[in-house]
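Student: I have a structure open and would like to learn how to read it. Where do I begin?

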Amino acid sequence: MASPEDSSVLLTRLSLMLHPVIYVTIILVLLNYFFISPALSSRFLTFYSKLPSAKKEDWNSLPSSTIHATIVTILGLMVLILEQDKPTVHLKSELGIFTLCIAIGYFIGDIIIRIILRDFPHTFHHILSAVACILTLIFGCGMKLILQRL
């Protein structure tokens, strides 16, 4: 039988799913895809207007994925370097949690975009990635492994 302490730890970990970074990242990914990237690309890149619709859809998602990859890589490396003397399995790092929340927000935002575009292989890939990050937050284990894989 679970003790009250176990229940409170689980509730605390579940509350991480309400972390504002997740929602801010989702909004930024969607804003970039639907508004920022098309506006800036059409204004500053002459070839953008000549692209077929499918290529524009891919092009509009590139800034978000590039920024996400850069930020998560840098933060993930920082966690791995700064926390190298900490336990591998049950690492509790605020920077690691922040990094995972950015990743979850990006994956959810891109899942929404991919569903709209009916791009199901990428949708499935991002669902699996998001679930791995979410499980890491909820159960509090495997953070170093997940950060190495992002």
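Tutor: We will go from the overall fold to the core, the cysteines and the charged pairs. Keep in mind that this is a predicted model.

Student: How many helices and strands are there in the protein chain?
Tutor: Start by listing the elements. The protein chain has six helices and zero strands. From the N terminus on, the order is α-α-α-α-α-α.

Student: What share of the residues in the protein chain is buried?
Tutor: Buried residues make up 37% of the 150 residues. The accessible surface is about 9,300 Å², and 71% of it belongs to carbon and sulfur atoms.

Student: How do I read contacts along the sequence?
Tutor: Take the contacts between residues at least 6 apart in sequence. Of these, 69% join residues at least 24 apart.

Student: Which residues touch the most other members of the largest nonpolar core?
Tutor: A nonpolar core is a set of buried residues joined through side-chain atoms. The largest one here has 24 residues. Ile-22, Leu-100, Cys-101, Ile-104, Phe-107, Cys-133 and Leu-137 touch the most other members. The elements giving two or more residues to this core are α2 (20–44), α3 (53–82), α4 (94–117), α5 (120–139) and α6 (143–149). The most comes from α4, with nine residues.

Student: Is Cys-133 buried or exposed?
Tutor: Check the relative accessible area. For Cys-133 the value is 1%, so Cys-133 is buried. Cys-141 is at 32%, so Cys-141 counts as partly exposed.

Student: What about charged side chains? How many salt bridges does the structure hold?
Tutor: Side chains of opposite charge can pair when their charged atoms come close. This structure holds two salt bridges. Arg-114 meets Asp-110 at 3.4 Å, N to O. Arg-114 also meets Asp-119, at 3.3 Å, N to O. Together, Asp-110, Arg-114 and Asp-119 are linked in a network of salt bridges.

Student: How far apart are Arg-114 and Asp-110 along helix α4?
Tutor: They are four residues apart, so about one helical turn separates Arg-114 and Asp-110.

Conventions: Residues are numbered from 1 along each chain as its sequence is written. This is a predicted model: local features need pLDDT of at least 70, side-chain atom pairs count only at pLDDT 80 or more; totals for chains, interfaces and linings use all residues. Side-chain values use heavy atoms; hydrogens and water are left out. A nonpolar core is a set of buried Ala, Val, Leu, Ile, Met, Phe, Trp, Tyr and Cys residues joined through side-chain atoms within 4.5 Å. Buried means under 20% relative accessible area, exposed over 50%, partly exposed in between (1.4 Å probe, protein chains only). Contact means heavy atoms within 4.5 Å. Accessible areas come from the Shrake-Rupley method with a 1.4 Å probe; for residues, only the protein chains shown count as cover. A salt bridge is a side-chain nitrogen of Lys or Arg within 4 Å of a carboxyl oxygen of Asp or Glu.
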